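This report walks through one model, from a whole chain down to single residues. Look over the sequence and the structure first.

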There are 2 protein chains.
Amino acid sequence: MGAIYMKTFLDLCIKAIGAEHVILDELDQASYLVDWRNRKRGQALAILRPGSTLEVATLVKICSTYSVNIVPQGGNTGLVLGGIPEVNGSAVVISLKRLNKIRDIDVRNNTITVEAGCLLENVQISAGNSQRLFPLSLASQGSCTIGGNLATNAGGTGVLRYGNMRELCLGLEVVNAKGEVWNGLRALRKDNTGYDLRDLFIGSEGTLGIITAAVLKLYSKPNSQLTAFVALNSMIDAINFLLLIQKRSGAELTGFELMNQFSLDLVHKHFPTFQQVFSVAHPYYALIELSSGETELNLKDRLESSLEVANTSGLIEDAVVCFSESQTANCWQIRESISAAQAKEGRNIKHDISLPISKIADFIFETNHALQERFPGCQMVTFGHLGDGNLHYNISPPEGEVDSDFLQNQVIINQIVHDKTHFFHGSISAEHGIGTLKKQELLRYKSTIELDMMRGIKTALDPENIMNPGKIFETIQ
Amino acid sequence: MGAIYMKTFLDLCIKAIGAEHVILDELDQASYLVDWRNRKRGQALAILRPGSTLEVATLVKICSTYSVNIVPQGGNTGLVLGGIPEVNGSAVVISLKRLNKIRDIDVRNNTITVEAGCLLENVQISAGNSQRLFPLSLASQGSCTIGGNLATNAGGTGVLRYGNMRELCLGLEVVNAKGEVWNGLRALRKDNTGYDLRDLFIGSEGTLGIITAAVLKLYSKPNSQLTAFVALNSMIDAINFLLLIQKRSGAELTGFELMNQFSLDLVHKHFPTFQQVFSVAHPYYALIELSSGETELNLKDRLESSLEVANTSGLIEDAVVCFSESQTANCWQIRESISAAQAKEGRNIKHDISLPISKIADFIFETNHALQERFPGCQMVTFGHLGDGNLHYNISPPEGEVDSDFLQNQVIINQIVHDKTHFFHGSISAEHGIGTLKKQELLRYKSTIELDMMRGIKTALDPENIMNPGKIFETIQ
């Protein structure tokens, strides 16, 4: 863009949302331009912070007129660089953070209408204040936003019972690539009036439009909740234990998180104040959570009886049922601190894969074997949401090896892991999305037929390709 | 199409799937050309009955080459004429009924892979044989097919707990408008690798492609199930009772069906062998179902205690808990026979609407009032899936009025009902779809912005407009 055009463009943006919300200063821009894992730093013409849906619409129209690309951004907690602009600096970042109102809560309909920039935690708190539960739960809930959760179809620990963000959303408000406001803010459990645009925008990572608000489902707050930490001898036992608990507890099972011993070792090494649950090491652990409308006493009876059955049939090695809030918090802190412990330990190679649950044991056996053969001594940080078939299958360097040397193997390690994932009919991105980080790999694993249909939709809804171009698709014109 | 082209076209179809599966005889075609409520009779060049996904793909390619429009059809139980060809006879019907294999059942992953032509009931039975539950449940389950259930995003009585067909499907196989086979048969609970094509095809009523197979979710079969028939004094009480049961039973509440007294009167008049549940009439009734992994005794305790609380707080007038299979069957037969009883009584004007649950009482009060003012004595057949906010809000003529006279008011009555629905932020088609029956009304209630995005997607995925043209969209070129 020539200097004069650029000036006119920025003047229009300033006129639309006020100079204080058009960030041009390099220092002020910094936090919007780098991802939180500090892997990529982009550049932008400006950071735009609109304060309303109409202001978003006006900005999109201006961008469309001046052919300026748009990178929508929420809490900037994404893991695949979907919210970071390219280094050429030709795009603007539109931050949704000022759209942070809870617009409405309808307790009799069990719905809440919130703007895209609301922090996930604030939505959870608002729901709780009305004796309701908003069940999406992520490690980053204090800083991620609902808009980002929707754009990436976020998952987390409650998916087993309540589904991904897609299942938790009833309606959307979206500014499309023309700068029109689509009011799809329906609060309905059933609506079969045409194509499912809602689910198309959810998970599209800002490439089809900008989500500005949403109607989300609420649930009754459970009366009681119990957490247990269970030691397991093998992955096959873990899966059989999952099936047993699912059979006995049905929808009461609201969490089933898996960790291997090495994950736990890292946590206890870097967070020495956390209490160790077991004194003896075991290959795997499950952190399970049961929630119920009933009393804690009834729930405890059922949980203990299930653990007894599991123990008698040799499925589990040991189990601790948490009887205090602090014990429960300690167990969840262990689980939620695995990523942070890894970061403290050094660099590692991360994967966010999902598999049919029936294939997980074979996958782990074969992939561990292939990696050990190629990189003897590499250390497996295996954890994740087993109930959803979702593993964070991360790999740390062999003891003593320098991080940066090991990281040079990233491409080949990704290929080993993702080829096996593909072989077992899994997904190379269970809950983080594609962004720019996995778009090359998407070409490898997604059929041309599917990619062509996706490109057709992208072109139909964003013919000028101004909405987050370069994300998801490797090349698109 | 000229006669010579037509002959070549049909010869190619015969070559592709065999002469015995290309139905040209008028009598043999009849059942494919008329909807089951007998409201519209279409015409077709031929009825094509492919036996495999590849045969479907070949037929689509032939149709594309010869510019022949395609009407995909499942069990032909639809309610909005989405599977009936136009009267001009220029299209072929592609019936999926021969694609009726259960391809795979993976009990450890809780998934079943089935072809589009499988009867819903057969899928339920297959799941049951593996001690699993496939929870979609409709009155037409003995004749509707999975492909049709997917194409219309079917609902029914289990949605409250398990969701619509969209929530029950993990993956699809689709023949797109080019005749390519998209293998999206994923069996994953989490997969964020690009746009959600699955949910786009689900509910698109055959206008974007032909669904040929699907991976569906299975659940643990509940150990116990209890049904209760509850008498209620008002719609407001019904909703408060729903909230109370939801709060106390959470995911154990698997059904909450509403009926008004007149619905019950019709059933007992036309099915005199069904047992009456209550000797005294009440304005409304709820049929509720609780399901649990626990024993029936525990479940019964909880149900009875909830009913007691509801009774003490004056929410319910009377209640019967079913203690035998025959009593349970009788109650569900009453509920499932309302449509049939209406048909025996004569013609009536039907609606399939949904509303935010918090707005239903106001909607019914205002709409009943508006209708009575305009058509004094008209009789309200109000029933439906209250737990989902979904009402079948049907209207019978005043006693003594000739059906056909009353039916002349259909357009104005639809407008009164749907305008009120729209006013209360509801949907004019909760679970039946648009087809041809509601496409005029869609123009009235859907925003231009939304319709334009839908048309853009239609054009992107079916540029020649050969997939079920004239359905959903009033005019599309």
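## A buried glycine

A residue counts as buried when its relative accessible area is under 20%. B:Gly387 has a relative accessibility of 6%, so B:Gly387 is buried. The model here is a predicted one.

B:Gly387 sits in the loop between β17 (379–385) and β18 (390–396) of chain B. Leaving out residues up to four places away in sequence, B:Gly387 touches B:Leu160, B:Leu242, B:Phe256 and B:Ile357. B:Leu253 is 134 residues from B:Gly387 in sequence. In space, the two are 9.4 Å apart, C-alpha to C-alpha.

## Chain A as a whole

Chain A has 18 helices and 18 strands. Its radius of gyration is 23 Å, close to the 23 Å that the globule rule gives for 477 residues, so chain A is as compact as a globular protein of that length. The C-alpha atoms of chain A fill a box of roughly 75 × 55 × 45 Å along the principal axes.

Of the 477 residues in chain A, 62% are buried. Take the contacts in chain A between residues at least 6 apart in sequence: 72% of them join residues at least 24 apart.

## A strand residue in chain A

A:Asp104 belongs to strand β5 (residues 102–106) of chain A. With a relative accessible area of 42%, A:Asp104 is partly exposed. A:Asp104 touches A:Thr111, A:Ile112 and A:Thr113, not counting residues up to four places away in sequence. A:Val215 lies 111 residues from A:Asp104 along the chain, and their C-alpha atoms are separated by 9.0 Å.

## Where the chains meet

How much area do chain B and chain A bury between them? The figure is about 6700 Å², with 54% of it on carbon and sulfur atoms. In chain B, B:Lys190, B:Asn192 and B:Tyr195 lose the most area to chain A, together 16% of what that side buries. The contact draws 83 residues from chain B and 83 residues from chain A.

Across this interface, 44 residue pairs are in polar contact. Several elements of chain B each supply at least two residues of the side that touches chain A, among them α6 (159–162), α7 (165–168) and β9 (181–184). The largest share of that side, nine residues, comes from α18(B). The residues of the chain B side divide into 29 nonpolar, 31 polar and 23 charged.

## Salt bridges between the chains

Side chains of opposite charge can pair when their charged atoms come close. The count over all chains is 50 salt bridges. Between chain B and chain A, the count is 10.

One of the salt bridges joins the side chains of A:Arg166 and B:Asp196 (3.1 Å, N to O). This pair crosses from helix α7 (residues 165–168) of chain A to the loop between β9 and α8 of chain B. Both partners are buried: A:Arg166 has 8% relative accessibility, and B:Asp196 has 7%. B:Arg166 and A:Asp196 also meet in a salt bridge (3.1 Å, N to O).

## Salt bridges within a chain

In chain B, B:Asp191 forms a salt bridge with B:Arg186, with the closest N and O atoms 3.6 Å apart. B:Asp191 is partly exposed at 24%, and B:Arg186 is partly exposed at 22%. Elsewhere, salt bridges that share partners join A:Arg166, A:Asp196, A:Arg198, A:Asp199, B:Arg166, B:Asp196, B:Arg198 and B:Asp199 into one network.

In chain A, the side chains of A:Lys300 and A:Glu304 meet in a salt bridge (3.8 Å, N to O). These two are four residues apart in helix α11 (residues 296–312), so about one helical turn separates them. A:Lys300 is partly exposed at 23%, and A:Glu304 is partly exposed at 30%.

## Two buried loop residues in chain B

Is B:Ser429 buried or exposed? B:Ser429 is buried, with a relative accessible area of 0%. Its place is the loop between α16 (410–423) and α17 (439–445) of chain B. A polar atom of the B:Ser429 side chain lies 2.6 Å from the backbone oxygen of B:Gly433. Beyond four places in sequence, B:Ser429 touches residues of chain A, including A:Asp191, A:Asn192 and A:Thr193. In chain B, B:Ser429 touches B:Asp352, B:Ile434 and B:Lys438.

B:Glu252 lies in the loop between α9 (235–249) and β13 (253–260) of chain B. B:Glu252 is buried too, with a relative accessible area of 12%. Setting aside neighbours within four places in sequence, B:Glu252 is in contact with residues including B:Glu289, B:Leu290 and B:Arg302.

Terms used: Residues are numbered from 1 along each chain as its sequence is written. Chains are lettered from A and ligands numbered from 1 in the order in which they are written. This is a predicted model: local features need pLDDT of at least 70, side-chain atom pairs count only at pLDDT 80 or more; totals for chains, interfaces and linings use all residues. Side-chain values use heavy atoms; hydrogens and water are left out. Buried means under 20% relative accessible area, exposed over 50%, partly exposed in between (1.4 Å probe, protein chains only). Contact means heavy atoms within 4.5 Å. Buried area is the accessible area (1.4 Å probe) that two parts lose on being put together, summed over both. A salt bridge is a side-chain nitrogen of Lys or Arg within 4 Å of a carboxyl oxygen of Asp or Glu. A polar contact is a pair of N or O atoms within 3.5 Å; within protein, one must be able to donate a hydrogen and the other to accept it, and residues adjacent in sequence count only if both atoms are side-chain atoms. Ala, Val, Leu, Ile, Met, Phe, Trp, Tyr, Cys and Pro count as nonpolar, Asp, Glu, Lys and Arg as charged, and the others, Gly among them, as polar. The radius of gyration is taken over C-alpha atoms; the globule rule is 2.2 Å times the number of residues to the power 0.38.
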